[in-house]
Amino acid sequence: MIPFVDLTAHHRPLAPELEKKLRELLESSQFILGDEVARFEEEFAQYIGSRWAVGVGSGTAALQLAFEALIEPGDEVLVPAHTYVASAFGVSHAGGVPVFVDVRDSDYALDPERLEAAVTPRTRAVLAVHLYGHPAPMDEIQAFARRHDLRVVEDCAQAHGARYRGQRVGSFGDAGCFSFYPSKNLGALGDGGAVLTSDEQVRDRVRELRHLGQRVKNLHESIGHNERLDTLQAAFLRVKLPNLERSNELRNAAAARYAHALAGNGLRLPQVARDCTHVYHLYVVRHPRVAAIAATLERAGIACGVYYPQPVPCQPCYGGEGASGAFPVSEQITRDSLALPMYPELSSEQIEEVARVVRSALAE
Ligand SMILES: *Cc1c(COP(=O)(O)O)cnc(C)c1O
C-alpha cells in the first residue's frame, strides 16, 4: 500500500515538540490570538519576504478577507478556470464576480494571452494561482494588471516556498493567500490560513475583518468575521515552519526520481519554467489513458487522484454544464491528468514501485 500523502510519518519526528506546545498552551490558557499567533505571523512573513502576515481560519478565509479588503461588491475578478473551487469562492464570498479565464497547458496558470479579452469596465482584480506548487508567470500577470489598474491577489495554497525569479510567491501581489490545511506543503494539525501583504491598509483591514470587525476591543468598525488563526495551530506551525525548506527539497528529490523512472513511456511529466522553483504540492502527469492507469494503480494498492475533475465554471454553483466548451485547455486537463503519490517521506523504493505499475498499465 502506498498512500497519496503520509502525515503520520511526517509528524512522527516532530511529536515531542508538538506535544510540548500543547502542554504550554494548557498552562497559559492563551487560546485566542496572543503571542504564538503574533510570532508565527512574524516568522512566516520573514520567510516569504512580505512585510506582514495576518493569520486567519483557513485558505478560503484568507482569499475572502483579502478580496473584502481589495474590491467592492459587484466588481469582477479574473480567476483561472482550472484550480480548486475555493480560489473562486474567496471572490464570491467577498461579493465579487469571478470571471473565468482558461489556463496555459504548460504550467496550469492563467494564460497571459487570454487575459486581455476578459477585461471589462468592471474588472478590478486578477487572481494568480500557483497551482500544484509551480509559480504562475508573475511578470506577465503584473504587467497586465498595471496596464488595466487592477489589484493582484495570489492563491499560494499549494506553493509555500516556491520561487519566481528568486522571490517567494505570496510576496508579489497586493495580497498572498495561504492555506495551512494539513496536507499542504506547510500544514497545521487542523485548519488555518494567512494573508501576506506589504500594504499597511490591507494588513489592518484583514486584521479587523478576521476579528469581528474590531481594531479596538468592543469598537466594531465593520461587520467582520470570526476567522482568526487558532493559537494552538499557530504554535504547531511554528514547530513545522523550520522544516518547510527541507520538506520542499525532499519533494523535489522525489520528483527527480519519478522523472527518471517514468521517462520514455509517453507520459507528459511536470515541467519547470525558467527562473521558477517548483515545490511539488502535487505530482501531476498527463496521458490520454489516465483512467486505465488509475484503475491499475488502485488495484495495486497505490493511491492517486484527479485534480480537478471539472473546471470551476462547470461546477453546479457556477453554472454547471452550461459552461462546458468555453475552457478547452482546462477541460482537456480534467480528462488526461493524474496526480501520483507525493510527499517528503516518499521513498525511492515506493517511487520505483509506482513507476513499475504505471509502466505495466501502459503496456496493457
Ligand atoms: C487548499 C486550497 C484552498 C483552500 O484552502 P482551505 O484552507 O482548505 O480553505 C484554496 N486554493 C487552493 C488552490 C487550494 O489548494
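**Sheet and rings**

Mentor: Start with the open sheet: 7 strands in the order E1-E9-E8-E5-E4-E2-E3, with mixed pairing. Strands here are DSSP runs of E with at least two residues, helices are runs of H or I with at least four, both numbered from the N terminus, and two strands pair if DSSP finds at least two bridges between them. It's a predicted model, so local features need pLDDT of at least 70 and side-chain atom pairs 80 or more, while totals for chains, interfaces and linings use all residues. Residues count from 1 along each chain as its sequence is written, and side-chain values use heavy atoms, without hydrogens and water.

Trainee: Which strands stand at the edges?

Mentor: E1 (52–56) and E3 (97–101); each has a single partner strand, so one side of each lacks a neighbour in the sheet.

Trainee: How many bridges join E2 to E3?

Mentor: 5, and the two strands run parallel. Val 79 has Phe 100 in E3 as its bridge partner.

Trainee: Switching to rings, how many aromatic pairs are there?

Mentor: 14, counting Phe, Tyr and Trp (six-membered ring) with centres within 6.5 Å; planes under 30 degrees apart are stacked, over 60 edge-to-face, the rest tilted. Phe 44 and Phe 178 are edge-to-face, at 5.0 Å and 85°. Phe 44 is in helix H3 and Phe 178 in strand E8, 134 residues apart.

Trainee: Is Phe 44 buried or exposed?

Mentor: Buried, at 0% relative accessibility (buried is under 20%, exposed over 50%, partly exposed in between, with a 1.4 Å probe and protein chains only).
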